[in-house]
Amino acid sequence: VEEALDVIAEYARDRGISRVVVNLSLGSTIEEEVESLQTMIDSLDADTFLLCCAPDFWKDGATGEWHADHPSAYAATRDHVISVGESDVDDKVRTPFETMTLADAKEITLVAPGEDAYTTLRHDPSDAAATAYGEADGTSMACPMVAGVASLMWSVSPWLTPAQIRSCMVEAAVELDEVGGVTFRRLEAEGALLAVRADIKRGTTDLAFVDVAAGDEERKAIEM
C-alpha cells in the first residue's frame, strides 16, 4: 500500500496535480501494520490527498463495542480521511452500528449505499462458466461512491481543500434514523455538488449552502 501511494504521490507531483482522491478498501488491527498505516497517512500532504476508506470492524470483548479498523479510524482525528460506513436498500444504517457509542461513531464520517451493489466478482477467467459480475454488499461497495462524489466536487471547485470537501459532503448528507444513540448521515451527491457551486469563492472557509434559482445561468457559471 505504501509503495502504491508513493507512486501516486510521485505521479501527482510530476504532473502538477494538486488534488488527489484515493479509494482504500483495506484495513488492519495488527499493531505493526497499524503503525505502518499511520506512517503512510502522515506522510501524505493533507492539502492534496483525500483518502476515502472502507472500514471493517472489530469488537472490544470487554465493552462489547465495535470499532473501525485502521486506516478508517484515523477519520476521527484527520480531516483528509473519510471513513465510509454502509447503508442498505431501505436507507438504513447496516450493522454493527447498533452498539457504537458517540466516541466510536467519530470513526465513521458518513455512510453510503453498499447493499446489493452490482459489481465485478473475483473469478477464474479461464472458466467459461465463471460469473464475472454480480451483486455484493459491504463498505467496499459504499466507499467508491464517496470517492466518486469527491472527485466530482473537486471538478466543480478545485481550489477547495480536502478538509473542505469532506465538510461540504458531511453537511450535505441526509440524516438517517438514530442508531445506538448516534445519528449517522448518508451521502447525498446532489447536495454535495450544490454545496461547492460557484458561489463558494476561491479560498473561502464559508461552506454555507447556496440557493441557485432555476435558469439563473450567470450565477451558475463556475468562477475559476
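**Helix burial, salt bridges and an aromatic pair**

Helix α5 (residues 162-172) is largely enclosed by the rest of the structure, because 8 of its 11 residues are buried. Buried means under 20% relative accessible area, exposed over 50%, and partly exposed in between (1.4 Å probe, protein chains only). Helices (H or I, at least four residues) and strands (E, at least two) are DSSP runs, numbered from the N terminus. The model is predicted: local features need pLDDT of at least 70, side-chain atom pairs count only at pLDDT 80 or more, and totals for chains, interfaces and linings use all residues. Residues are numbered from 1 along each chain as its sequence is written, and side-chain values use heavy atoms, with hydrogens and water left out.

The buried residues of α5 are Pro162, Gln164, Ile165, Arg166, Cys168, Met169, Val170 and Ala172. An α-helix has 3.6 residues a turn, so residues three or four places apart point the same way.

Salt bridges were assigned by distance (a side-chain nitrogen of Lys or Arg within 4 Å of a carboxyl oxygen of Asp or Glu). The count comes to 6. Glu86, Arg94 and Asp137 are linked in a network of such bridges. Glu86 is buried, at 8% relative accessibility. Arg94 is partly exposed, with a relative accessible area of 24%. Asp137 also forms a salt bridge with Arg94, with the closest N and O atoms 3.9 Å apart. This pair links distant parts of the chain, 43 residues apart. Asp137 lies in the loop between β8 (133-136) and α4 (139-156), and Arg94 in the loop between β5 (81-87) and α3 (102-105). Asp137 is partly exposed, at 43% relative accessibility.

Another salt bridge joins the side chains of Glu188 and Arg186 at 3.4 Å, N to O. Glu188 is partly exposed, at 24% relative accessibility. Arg186 is buried, at 14%.

Aromatic contacts were assigned from ring geometry. Rings of Phe, Tyr and Trp (its six-membered ring) pair if their centres lie within 6.5 Å; planes under 30 degrees apart count as stacked, over 60 as edge-to-face and the rest as tilted. The count comes to 1 aromatic pair. The ring centres of Tyr118 and Tyr133 are 6.3 Å apart and their planes lie at 20 degrees, so the pair is stacked. It links distant parts of the chain: Tyr118 is in strand β7 (residues 117-120) and Tyr133 in strand β8, 15 residues apart. Tyr118 is exposed, at 64% relative accessibility.
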